[in-house]
Every structure is written in structure tokens, then in C-alpha cells.
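Please look through the structure below with this briefing beside it.

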Amino acid sequence: MSTSNVETTRDRNDNGAGGSGPVTVCPGDSRYAELTVGHNARWVGTPESVRLPRTTEQVERIVQDVVRKNERFSVTSGGHCYADHVYNPSVRTVIDMSLMTDIYYDPRHQAFAVEAGATLLQVYETLFKGWGVGVPGGIFYSVGAGGHVSGGGFGLLSRQFGLTVDHLYAVEVVVVDARGRARTVTATRRKNDPNRELWWAHTGGGGGNFGVVTRYWFRSPDATGRAPEQQLMRPPKDVLLNAVALPWDELDEGRFTTLVRNYGSWYERNSAPDSPYAPLSSLLNLNHRANKSVGLLTQIDATLPGADKLLQSFVEEVTTPVGVGVRPVTESVGEQGPMPEFFHPVRLPYLTSVRYISTNNATLTNPALRGAYKSAYMRKGFTDDQIAALYRRLSDPAWENAASSVILFGYGARVSAVGADETASAQRDSIFKALYSALWREPEDDEANVGWLRGIFGDVHAATGGYPVPNDVTDGCYVNYQDGDITDPEQNRSGVPWHTLYYKHHYPRLQRVKAAYDPRNVFRHPQSIALPED
């Protein structure tokens, strides 16, 4: 499908909050500072303009304009890019999708439409309040749908319902052809769709590679009937939420090793698609000793028969052999704030739990925080050498940043029910993900914090050249947790290229999609998919 390039009166730029045209913000405008920095205060842009469209037609015209001017541009939907892919000195125009937030049922596609600028919390609230349905997406309320979905998307419901993209029916993308003409393409998962490969590329191929995503449509692959509420997965009516802490002053190396080993071995045993524990997910927040504790956050579908006993069994299997009594979470753990009221499992309505978890996070609302991040897919629990490296770095008394952590996020179960080639998300048999991060406030602390993060990540994966190469234990990195070091041979000494760590064997196929829909390489960033060599 291609849209017209004819500008209408309705679409003209009025720069006003009450208008219907696109908005352009330039230096000197009171909105400029707000629109040239994302979630990570390390990356601040200096573009000549930030352009905020309200419709797909306006996106098409903006893209046509920057291509005609041969301007370097970037695209953002929510500002949560962990690296400098959006805000960097080479970018002259930022296309900001945050005014495109419509969410509605589209009877033409028999699916739910979500515009790229809608935040995850807006998506969850609108879908659930309107129709009692949802998607298994991430836990940060302010993440924009545009980038989250294109990288695969996962969250606390993924073990029960799969990845976000497992429910993706179609995507609308503004692309640029070989003649430099911007056009809008709708690609669906239908086998006979001539644009199906473009849909496939957006099921884990990462953002900013092929065009500007303007809209997604969601319909579960096993949907039956014709009513809207029958087209998409139904989240649990209620969930049980539990949070416990283990004090660092009682964790020697042996006890720490037992804790981390227990977590990995539990997921090794309980990550089959038909596991009775598929409706349970958790985060083990391994904070640095300066934080004073580590934390375990667990959620399970409360409507499951025996849910309370399953949750209790999981927590006991992971923590009891450690020999340290669990306590309420009275301080921040990982990226979650204090949660003492959940020391004993609490039954919450689904949407209430989503709001609580997604907003109980000071890092999302602190505009001064700077951060660095790395990730690893884990196919098995950490080896003894890896656990020893974690302990050594996390217990180092010379390091004093309490906001340094490694967060282990339960994966597997229904995620692994989908074949590795059915979507572009290739790491389907991983059992949990590890997010390594450091957060701080002052620019003068950049070098020390980046150095700490490189140190712990490099030590844990020292046997494979400093990165989690695909093997029987690790399986690469998560493309939505962008890592600037992954392309640096001094940091990534594995000999495995960055694109294999993100995409595994899918990279050549993604390159073919790139050649078909972005033959001029208009859509690019420091880690974008390259055109195939002739």
C-alpha cells in the first residue's frame, strides 16, 4: 500500500498543541531540550530540528523531505535507546513518533492497531480496559511501542504467552525505494503476502533498520471467532506478586554461588513450553554489595490451580538452600524500588500489577541518570567460573556504586514453543536473560562506571572472548539492550561479529530484506543492518 505525497490543509505544520499538523522544534524552542535527550542522559543530541508527525502521511512527507535534502536523520518512539543510535552528533533531524499514540480495534485487519509512539502502559491499559486483552510486553511503562516490538519484546507474561512479536499480525512502515521515493508499506504475516519478509524482519530484527514504523497490528495466531475480544491473548484476571531480599552481609561466596546456581538450575528444569511453571516469571536482582541486599521478584497467574503453592515452591527452591533467611525488600533492588508490602504474596488485579511494577522504578523518572548496559541470553545456568566472576565483581569493596547490578530475567516456556526461524528473534531456547547495568549521575563518573561494567561482563564471559557467544551455555545478546562495545574488537575479542551475537544465523536474511526495502541505506545507525555485499 502506498500513500499520497499531496499535502492537505489539515496536515500543514502549525507547531501548536491543538493543531493536527506535524510539529517542528528547533534550537531556541522551549521544547528543544526535552526532545533531544532520551532515557539515558549520556546521550544528548544537537539536531537542527526535531519533527513530530501525527499521521502516517506526515511521516512519509518528512522522510521524503530529509531524503531529498540528503540529511542524516534518526527515529525515536519512546527515547529508551540504551546507546547513541538516536542522539549523536551526526544526526541533523530526529523524527519523534511520540505524538502518534492511537490504539484501536481495526475490523479491516481483524486486529488491534497500535501506533508507534504509544507507550507500553498506554497499550496495556487501552487493550485491557477496552476489550480485556493484552500483549506480553516489557515492564517499563514509558517505553515506546515502535522500538520495543521491532526488537522482539518480552516481559513478565512471556513465559505464559510468548514474545510480543508472537502476536504481531502486521506492521506499517515508511520505506524509501531505489529512486529515493518514500512510500508506505503494510506487511502482514499471511503466507501469501508479497511483503511478508518485511513483517518477519520486524519480529526481532531491531529498530531503525528498514524504515519508520508507524503502526503495528496485533492478533494472536491461535485467535478464533470474529469478536474483537477473541482476537488477542487474555491476561490473567489476577496475579500473585512476591518480593524477598537476601542481605549481602550474610552472603559469602559459597552462599552466593548456591543462590545463583539454584536460580539457573530451576529454570533449566522448568522452561519447557508445557511446564506447569510457564505462568511464573521472576527477576533475580544481583545488586552490588554496596546496595546491601539482592532481591527476588516473582509473579504468577493467580487463577492457576495451586498458584500459591507453585510460587512458594519456587522461592523456597531458590533461596532456602542458601542458608540465609529472606527479608522484606526495604531498599531498591536492581531497577525496582522498595517493596516491603510484598514479602508475603499479594493477589492483585492484572492491570494494577502492571501499573505497580512499571512505575516502581526511580530510574525511569530521574532525568539526570546516566547508564551503561550489556546483555546475555543464557541457555543454561552460569558455570562455576562465571558465578565466581559475578561474586568477585559484585562483592568488590573498592566499588561503591549501589546502582550497579546484574538482573536475571526468567525466559523460556512458551517463548521456546515458536521455532527459531518463524520470527527474527532467534534465541528461542534460552531460559533466562541477564542485563548488566551501571547507573550514575555525574559525567565525571562515566569512565569509572563504564570500566566497572566492562570488567564484570568481560570476566563473566572471559572464556569466550568477553562476550556470550552462541554455544551450549550462552546465546548472544538482546538487540533491544544496545551495547556500544559489541562492535569494538578490543572489548569483543570473541571473533564472533556483533550481528551474529544479536541475530545469529538470521543476519543474511535480514540483509536481503534491507536490500529490498532500503536499497539506498537511508535508515542506518551505528549498529544498523548493512546492505549485502555484491
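A polar contact is a pair of N or O atoms within 3.5 Å, where within protein one atom must be able to donate a hydrogen and the other to accept it, and where residues adjacent in sequence count only if both atoms are side-chain atoms. The model is predicted, so local features need pLDDT of at least 70 and side-chain atom pairs count only at pLDDT 80 or more, while totals for chains, interfaces and linings use all residues. Residues are numbered from 1 along each chain as its sequence is written, and side-chain values use heavy atoms, with hydrogens and water left out.

**Helix 12 and the segment after it**

- Helices (H or I, at least four residues) and strands (E, at least two) are DSSP runs numbered from the N terminus, and buried means under 20% relative accessible area, exposed over 50% and partly exposed in between, with a 1.4 Å probe and protein chains only.
- In helix 12, which spans residues 507-517, the buried residues are Tyr507, Leu510, Gln511, Val513, Lys514 and Tyr517.
- These residues lie on the same side of helix 12 because they cover an arc of only 160° around the axis, the arc being that of the directions from the helix axis to the C-beta atoms.
- An α-helix has 3.6 residues a turn, so residues three or four places apart point the same way.
- The cover over the buried residues of helix 12 includes strand 7 (168-176), strand 8 (182-188), helix 5 (196-201) and helix 11 (498-503).
- Lys514 has a relative accessible area of 0% and is therefore buried, and a polar atom of its side chain lies 2.5 Å from the backbone oxygen of Phe523.
- With contact meaning heavy atoms within 4.5 Å, and leaving aside neighbours within four places in sequence, Lys514 is in contact with residues including Asn209, Phe210, Asn521, Phe523 and Leu531.
- Asn521 is in the segment after helix 12, where its relative accessibility of 22% makes it count as partly exposed, and its phi is near 55°, a positive value in a residue other than glycine.

**Aromatic rings and charges**

- Rings of Phe, Tyr and Trp (its six-membered ring) pair if their centres lie within 6.5 Å, and planes under 30 degrees apart count as stacked, over 60 as edge-to-face and the rest as tilted.
- By this rule the model has 33 aromatic pairs, one of which joins Tyr105 and Phe112 edge-to-face, at 5.0 Å centre to centre with 65° between the planes.
- Tyr105 is buried at a relative accessible area of 17%, and Phe112 is buried at 0%.
- Another pair, Phe342 and Tyr356, is tilted, with 4.9 Å centre to centre and 50° between the planes.
- Ring pairs also link Tyr82, Phe154, Tyr373, Tyr377, Phe409, Tyr411, Tyr478 and Tyr481 into a cluster.
- A charge sits over a ring if NZ of Lys or CZ of Arg is within 6 Å of the ring centre and within 35 degrees of the ring normal; Lys433 lies over the face of Tyr478 at 3.1 Å from the ring centre, and Arg509 over that of Trp200 at 3.7 Å.

**Nonpolar cores**

- A nonpolar core is a set of buried Ala, Val, Leu, Ile, Met, Phe, Trp, Tyr and Cys residues joined through side-chain atoms within 4.5 Å.
- The largest core has 150 residues, of which Val63, Leu286, Phe314, Phe382, Leu390 and Tyr436 touch the most other members, and its largest share, 7 residues, comes from strand 16 (residues 432-440).
- A second, separate core of 11 residues includes Val50, Leu52, Tyr87 and Val91.

**Buried residues in loops**

- His461, in the loop between helix 10 (446-460) and helix 11, is buried with a relative accessible area of 1%, and a polar contact of 3.3 Å joins its side chain to that of Tyr436.
- Pro235 lies in the loop between strand 9 (212-218) and strand 10 (238-247) and counts as buried at 9% relative accessibility.
- The C-alpha atoms of Pro235 and Gln160 are separated by 9.4 Å, although the two residues are 75 residues apart along the chain.
- Ala413, in the loop between strand 15 (404-410) and strand 16, is buried with a relative accessible area of 0%, and its phi is near 60°, a positive value in a residue other than glycine.
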